[in-house]
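Trainee: Could you walk me through how the descriptions of this model are reached?
Mentor: Gladly; let's look at it together.

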2 protein chains.
Amino acid sequence: MSKHKVTFLPHNTAVEIDSGETLIRAAMDAGVHVNASCGGEGVCGKCRVIVESGDIKGDVSSMLSKEDFEKGYRLACLSKVEGDVVVRIPTESVVDASALNTAGSPRKTARIKEMDFNQLREQGLFLPPMEKVYVELEPPSASDNISDVTRLVTHLKLHHNEKKLQLTLPVIRKIPDVMREKDFKITAVIERPVRDDSKSRIINVQAGDTTDRNYAIALDIGTTTIYGQLVNLITGEAVAQYGEFNGQISYGEDVISRIMYAEKEGGLERLRQVVVDTINRVLDKLDKRSKVNPEDINSITIAGNTTMTQLFLGVNPRYIRRAPYVPASTLYPPLNAESLGLNLAPHVIALVFPQVSSYVGGDIVSGVMGSGMYRSDKLTLYIDIGTNAEIVIGNKDWLACTACSAGPAFEGGGIKLGMRASKGAIEDFSIDPVTYEPMIMTIGNVRPKGICGSGLITMVATMFETGVIDSRGKFNRDLGTSRIRKTDDIWEYVVTWAHETQIDRDVVLTEPDIDNLIRAKGAVYSGCQTLLEEVGLTIQDIEQVILAGGFGSYIDLDKAMTIGFLPETDADKVTFIGNGSLMGAKMSSLTNRLRNDVGEVTKTMTNFELSETPSYMDHYIAALFLPHTDLNLFPRLKARMDERRAARQQKQGI
Amino acid sequence: MSKHKVTFLPHNTAVEIDSGETLIRAAMDAGVHVNASCGGEGVCGKCRVIVESGDIKGDVSSMLSKEDFEKGYRLACLSKVEGDVVVRIPTESVVDASALNTAGSPRKTARIKEMDFNQLREQGLFLPPMEKVYVELEPPSASDNISDVTRLVTHLKLHHNEKKLQLTLPVIRKIPDVMREKDFKITAVIERPVRDDSKSRIINVQAGDTTDRNYAIALDIGTTTIYGQLVNLITGEAVAQYGEFNGQISYGEDVISRIMYAEKEGGLERLRQVVVDTINRVLDKLDKRSKVNPEDINSITIAGNTTMTQLFLGVNPRYIRRAPYVPASTLYPPLNAESLGLNLAPHVIALVFPQVSSYVGGDIVSGVMGSGMYRSDKLTLYIDIGTNAEIVIGNKDWLACTACSAGPAFEGGGIKLGMRASKGAIEDFSIDPVTYEPMIMTIGNVRPKGICGSGLITMVATMFETGVIDSRGKFNRDLGTSRIRKTDDIWEYVVTWAHETQIDRDVVLTEPDIDNLIRAKGAVYSGCQTLLEEVGLTIQDIEQVILAGGFGSYIDLDKAMTIGFLPETDADKVTFIGNGSLMGAKMSSLTNRLRNDVGEVTKTMTNFELSETPSYMDHYIAALFLPHTDLNLFPRLKARMDERRAARQQKQGI
C-alpha cells in the first residue's frame with residue numbers, strides 16, 4: 001500500500017500515512033489535536049480543516065456548506081488522503097499553539113507479529129494433526145471378502161506406510177456405504193498422535209478424493225470474550241474469524257465469581273451449557289462466513305485459562321480458588337467435539353491446550369508456544385492481558401510464570417460505558433489542553449457507543465498528561481469546562497454528547513471507571529515487578545516484550561507506560577501478537593510439533609503464586625497511582641512532565 | 001454328592017442316580033417308560049410305582065390315597081431317592097413287557113466342560129483386563145500444588161510401575177472430589193491394553209480401598225436369545241446369570257430377515273434400540289440377582305454373530321446378505337458402554353469380540369477361544385447350534401470354519417408350542433411303544449408350557465424309533481390312539497392334555513414342527529459333512545466333538561444322532577460346553593491372554609462359504625430325512641432298527 005505525507009500547519013508536523021486513510025487518523029497519529037466528538041462519522045462537524053495543497057477525496061456534507069467547501073474547508077474525518085497534502089488547522093481549533101508540542105505524542109504503531117506458515121513448513125515443523133489420505137481399493141470378490149475395514153486398513157499399511165491404526169465406531173459405521181459410493185475410491189481422515197509410539201486413528205472417511213479440503217477450528221475461551229478462527233490446514237490461512245462475549249459473564253465477571261457460581265447446585269452444568277452456547281454461536285458465524293462444508297472440518301483446538309477450560313469440560317473448578325490452588329488436571333485427552341455439546345460434525349476431535357497451574361492456563365501456554373518465545377534465545381517478558389493477566393519471563397532455556405486478576409476493565413467490563421473493541425468503540429482520544437474539548441476516533445469510524453480497553457488507557461493517559469486528572473485519578477474540578485461535571489455524586493467527563501452518539505445518552509468517563517483501570521493496571525504492573533524480582537531480574541534485562549490479549553493490538557504503548565500499566569521500556573523491544581491464545585491454538589491446529597513441545601514446556605515452566613509472594617501486595621499498593629508512587633521508575637514520563645511544567649511556568653511568567 | 005442305585009422291576013434295569021433325584025428322572029435315565037404327562041408336578045397321577053425296598057422320601061397327595069400309600073404306591077415324580085431302592089412298575093403301566101428293552105436307550109449324561117479359573121491363574125493366563133490399584137497419596141500443599149490428575153498418575157508411575165497412562169474425561173471430572181473423600185486414599189480402576197506396547201487407561205476412581213470388589217459382565221447376543229453373566233473378577237465365579245428372548249425376534253426370526261428389516265427406513269435404529277432394551281432387561285435382572293453395586297462393574301464383554309454385533313453397534317449389515325458377503329469390520333475398538341445405550345455406570349468399557357466373516361461371528365470365535373480348542377492338540381469338531389449353526393474343525397495348528405442357517409427351531413422358534421429351555425419346557429420324553437402314552441419331564445418339574453429344543457429332538461427321535469413317525473417325519477395315521485389327530489388339516493400328537501398344562505390348551509407336536517426340525521438338523525448335518533469334505537477328513541478322523549449352544553447342555557446325544565442331527569460318533573468323544581459364546585465372553589472378561597490370542601485366531605481361521613460350495617446343497621437334500629437317505633451313514637442306529645424290526649416280526653410270528 002502506498003504511503004503519503006501529511007503536513008499539519010501551523011504546527012508544521014508531518015506524518016506518513018497509508019493511502020485512503022482519513023485526515024483525522026493522520027492528525028491522531030501526528031499528535032495534532034482536532035476537535036472531533038462523533039467518532040469520525042461526519043456528524044459533529046467540528047473537525048473542519050483547510051486543505052492548502054495536495055489530493056483529498058471528500059465531499060460536501062450537511063455540516064459543510066458549498067461556499068466553505070470551495071474555500072478549501074473539509075471535514076477531517078470524511079477526507080481521504082490520496083497524495084501528499086498540506087493541511088491547516090483553523091484558528092478556532094487551535095486555541096493555544098504553545099501547548100501544541102506537548103499535547104500528545106505520535107501513536108506507536110503496533111508491530112503485529114504473525115506466524116509464517118511457509119517458514120513453518122520449511123523448518124519441517126509442519127506435522128499436521130489431521131491428515132487426509134486418498135486410496136483406490138480393489139473391490140471385494142468371492143475369493144477376497146475380507147471386511148471393509150480390514151480392506152482399508154491393510155491398504156493403508158501396505159501402500160501408505162501406516163503402522164498402528166485405530167478406528168472409532170462412527171467411522172466403522174460409515175465405511176461400508178462411503179466405500180461403495182465412488183467405486184471403492186475413498187479418502188481417510190487420519191488423526192496423528194503427538195508421539196510416534198502412539199497410534200494414528202481414522203476418524204472419518206469421505207467418498208472419492210477430498211484431500212484438497214481440510215480445515216480446523218482454533219478457539220480461545222476467554223473469561224470475557226470467545227474468539228474462533230476457521231483455519232485452512234492446506235494453506236495455513238485463517239479463512240474466517242469471529243468473536244463474542246462469553247455468555248458466562250452474567251454469572252460473574254471474573255473467574256472467582258464463576259467458580260463460586262459453579263459450586264452452587266446445578267451451577268457447573270449451567271455454566272458449561274452457557275459457554276457451549278456461546279461457542280456454538282461463534283461456530284455458526286464461522287460456518288456462515290466461510291461457506292466451508294462442516295464435513296471438511298476435522299479438529300477444534302481449544303485454549304483457555306484453567307477455570308474456563310474446566311467449566312467448558314464440566315470439570316468442577318472448586319479447588320482452583322482454595323489454597324493450595326490445585327487444578328483438576330493439566331492435560332486432557334483428545335475428546336469428541338460433539339460429545340462436548342459443540343455443533344460440529346460427529347467425527348471432529350477436540351484438542352484441549354494443557355495448563356500449567358490453576359492460574360496459568362492453556363491460553364497462556366498457547367501464547368508462549370504460538371509466539372515462539374519458548375524457542376527464542378532472547379530473554380522475553382510475555383504479558384497476556386485480559387480479565388486475568390498472565391506474565392511469563394524466560395527464553396528457550398527456562399520459563400517462569402505467574403498470573404494476577406486484572407478484572408474486566410481492559411475488556412470493557414466494570415466501566416460505565418465500557419465495551420469490547422468492536423464497531424462504535426472509542427479507541428483513540430486526544431484532548432485540547434486549553435479548552436479540554438476532545439478528539440475521538442471509533443472503530444469503524446461511526447458514532448460512538450462506548451469505550452473499549454485501549455481507548456480507556458489512551459483517555460486516562462492523555463487526561464493525566466494534560467492535568468485533567470491527577471495522579472490519584474481524580475478530575476481537576478477547576479478547569480471551567482462543562483464536560484467535567486458531577487452526576488449522582490460521581491465526577492465524570494463527557495466524551496461525546498448524547499446527540500452525537502448511537503446510544504442517545506452522553507458517553508462519559510467516570511472517576512470509578514478510572515479507579516477500576518488503576519486497579520487493573522496496578523495488578524499487571526506489580527505482577528511484572530514481582531516476577532522480575534523473583535527471578536532476579538529488572539526490566540532493563542529484558543530483551544523482548546510480547547504483549548498479547550484481545551485488546552493488545554489496539555493499545556498505544558506510550559499511553560500504557562504513561563499510566564504505569566507496563567514498566568517503561570524501549571518501544572522497539574515490544575511486539576504485539578494480539579490474541580496470543582488464539583494464535584497458539586491456530587498454530588497448534590497446524591502442527592503436531594507444537595503439541596509435542598507443549599508437554600515439555602508445561603513441565604519445565606516454574607509457577608509463582610502471587611498470593612504466596614509477600615512482596616506482591618507492596619508492589620500493588622505502590623502501583624495504585626498514575627503512573628506509580630515512585631515516578632523515578634518512569635524516567636521518560638518524568639522528563640516529559642518536567643518539560644511540560646516548565647513550559648506552563650514559562651507561559652505564566654513564573 | 002452321593003449316588004444311589006435304583007432298580008426297576010419287572011425290567012430288572014438298574015441306574016445310578018444322585019441322592020435327592022426323583023424316581024421319574026431315574027426311570028427316564030434308565031430308559032424305563034412310566035406314563036406321565038404333567039411334567040413332574042404330581043398333577044396327572046399317572047406315574048404310580050410300587051417301592052419294594054429302600055429309602056424314598058415322598059408323601060400322600062390328592063392323586064394318591066392313604067391306602068395306596070400304605071401299600072407302597074408312590075408317584076414317581078414326587079418321590080426322591082434317598083438310598084438304594086427297588087421299584088416295580090405296576091402292570092397297568094407296562095402294557096407290553098416285550099417292548100421294554102427297545103423302548104428307549106439310557107440318556108447320555110452331558111459332560112459339561114467348565115473353565116477352571118485356578119488352572120488359568122496357575123498357567124499365568126490370568127491377566128485381568130480391568131485391574132484395581134489402591135494408593136495413598138500425599139495431600140497437596142503450597143509447595144506441592146500439582147494437579148490432582150498429575151498427583152495420581154505420578155504416584156502410579158513411581159510406586160506401581162505403571163508406564164503409559166491415559167485418562168478419560170469422566171474420570172478427570174471425578175478425581176478431585178473422590179480424592180478428597182477419604183483423605184487422598186483412592187482406588188484407580190485401570191483398563192489394560194491387549195498389547196504391551198499400548199497404553200493403560202484409568203477409567204474410574206473410587207474413594208478408599210475398593211480392590212476387593214471388581215466385576216464384569218459377559219454377554220452373548222444370540223439371534224434368538226440373549227444371555228448375560230455377572231462375573232466376579234477376583235474369584236472368577238459367575239455370580240448371576242440370566243437370559244431373555246432377543247426382542248428383535250418380532251422383526252424376523254433369522255439374521256437374513258433382520259438384515260432386510262434393517263435396510264428399511266429407520267429399521268437399523270429400531271433393531272438397535274430393541275436389542276439394547278433386551279440387554280438392559282438382562283442387566284437389570286443380573287443387578288437384582290447379585291446385589292453387586294453397579295459402580296463395581298468395570299467391563300462388559302460382548303459376543304454375538306456378525307449380524308447381531310453390527311445391529312447392536314448400529315453398523316448397517318446390508319452387505320452381509322449380498323455376495324460376496326462382506327462384514328463392515330471384524331474388529332471393534334473398546335467402546336463406552338453407556339454411549340451404546342446400556343444401563344451401566346458411565347465408566348464401563350464394552351469389549352466386543354472380533355468376527356471372522358459375515359457368517360462366522362464373535363459368538364463362535366468366543367466359543368473356540370473359551371473351549372480351549374485353539375490350544376488343543378486334538379483334531380476337534382466344534383459345533384455351535386442356535387438359529388445359525390457355526391462349525392469349526394481344527395486344532396492348535398489350523399482352523400477351518402463355516403456357518404449355516406438352522407432356523408430358530410432349536411431355540412423353540414417356528415415350533416407351534418416351542419419355547420426356550422426354561423421352567424415348564426418339556427425337555428425329556430419317552431413313549432409307550434404299545435399305548436403310545438407319553439412320559440414327559442419338564443425343566444423345574446412343573447406342568448408343561450411348551451417344548452424346548454432338546455425336548456423336541458428327544459421327542460422326534462423317540463417317535464421315529466417307535467414308529468410313531470416315519471423317515472419323512474409324518475405320523476403313522478393307523479396307531480389307534482386319540483393322541484394322534486388332525487386339527488385344521490394338520491396332523492399332530494397331543495403330548496399333554498390342556499388340563500394338565502399351565503397354558504389351558506393341549507401341548508402338541510405338529511408335522512410342520514417336525515418339518516422345521518428336519519430342515520434345521522439337515523442344515524447342520526450337511527454343514528458338518530461339507531466342511532469335513534473340504535478339509536479332506538471324515539467323521540472318523542475327529543478326536544473330539546464340542547457341542548455348544550444355548551440348548552447344548554440339555555441335548556440327548558443318542559437322540560440327536562438318531563434324527564441325523566449329528567454324524568454318528570462315539571459318545572465319549574463328545575463334550576458339551578453349553579453356551580460357548582457366553583463361556584468365551586466370561587473367560588475373555590477374566591484375562592487379556594484370550595483377547596491377545598483372539599486376534600491371531602481370527603486371522604488364521606479359514607472361512608468356507610457354503611453358498612460357494614456346490615456339494616452343500618446335495619448334502620442338504622440328502623439329509624432331509626430321519627436320519628438321512630443313506631442309513632449306512634448311521635451304522636449303530638441301523639443295527640438298533642434292524643434288531644427292533646426282528647423283535648417285532650418275531651412277536652408277530654413272521
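**How the chains meet**

Mentor: In this predicted model, 33 residues of chain A are in contact with 33 residues of chain B.

Trainee: What makes two residues count as in contact?

Mentor: Their C-beta atoms, placed from the backbone, have to lie within 7 Å. On the side of chain A that touches chain B, the elements giving two or more residues are helix H5 (148–160), strand S9 (165–167) and helix H6 (169–181) of chain A. H6(A) gives the most, with five residues.

Trainee: How do the residues on the side of chain A that touches chain B divide into nonpolar, polar and charged?

Mentor: That side has 20 nonpolar, ten polar and three charged residues.

Trainee: Why are the two copies described as related by a two-fold rotation axis?

Mentor: Superposing chain A on chain B takes a rotation of 180 degrees with 0.1 Å of shift along its axis, and the RMSD is 0.3 Å. The two copies are therefore related as by a two-fold rotation axis. Ser198(A) is the residue of chain A that comes closest to the rotation axis, its C-alpha being at 3.6 Å.

Trainee: How do you know that the same surface serves both copies?

Mentor: Of the contact residues of chain A, 100% recur in chain B.

Trainee: Now a pair of helices in chain B. Why is H5(B) called roughly perpendicular to H6(B)?

Mentor: The axes of helix H5 (residues 148–159) and helix H6 (residues 169–181) of chain B cross at roughly 85 degrees, and they come within 9 Å. Angles of 65 to 115 degrees count as roughly perpendicular, so H5(B) is roughly perpendicular to H6(B).

Trainee: Which residues of H5(B) and H6(B) meet?

Mentor: From H5(B) come Asp148(B), Val149(B) and Leu152(B), and they meet Ile172(B), Ile175(B), Pro176(B) and Met179(B) in H6(B). The residues of this contact are six nonpolar, no polar and one charged. Asp counts as charged, so Asp148(B) is the charged one.

Trainee: And within chain A, which domains are assigned?

Mentor: The domain assignment gives domain 1 (129–207), domain 2 (217–352) and domain 3 (366–654) of chain A. The C-alpha centres of domain 1 and domain 3 of chain A lie 52 Å apart.

Trainee: How many residues does each of these two domains give to their contact?

Mentor: Domain 1 of chain A gives four residues, and domain 3 of chain A gives four residues. On the side of domain 1 that touches domain 3, two are nonpolar, none polar and two charged.

Key
Residues numbered from 1 in each chain as written. Chains lettered and ligands numbered in written order. Predicted model: local features only at pLDDT ≥ 70, side-chain atom pairs only at ≥ 80, totals over all residues. Axes fitted to C-alpha atoms, helices over the stretch in contact; angles between N-to-C directions. Helix = DSSP H or I, 4+ residues; strand = E, 2+ residues; numbered from the N terminus. Parallel < 35°, antiparallel > 145°, perpendicular 65-115°, else oblique. Domains from an automatic or database assignment. Least-squares fit on C-alpha atoms with pLDDT ≥ 70 in both.
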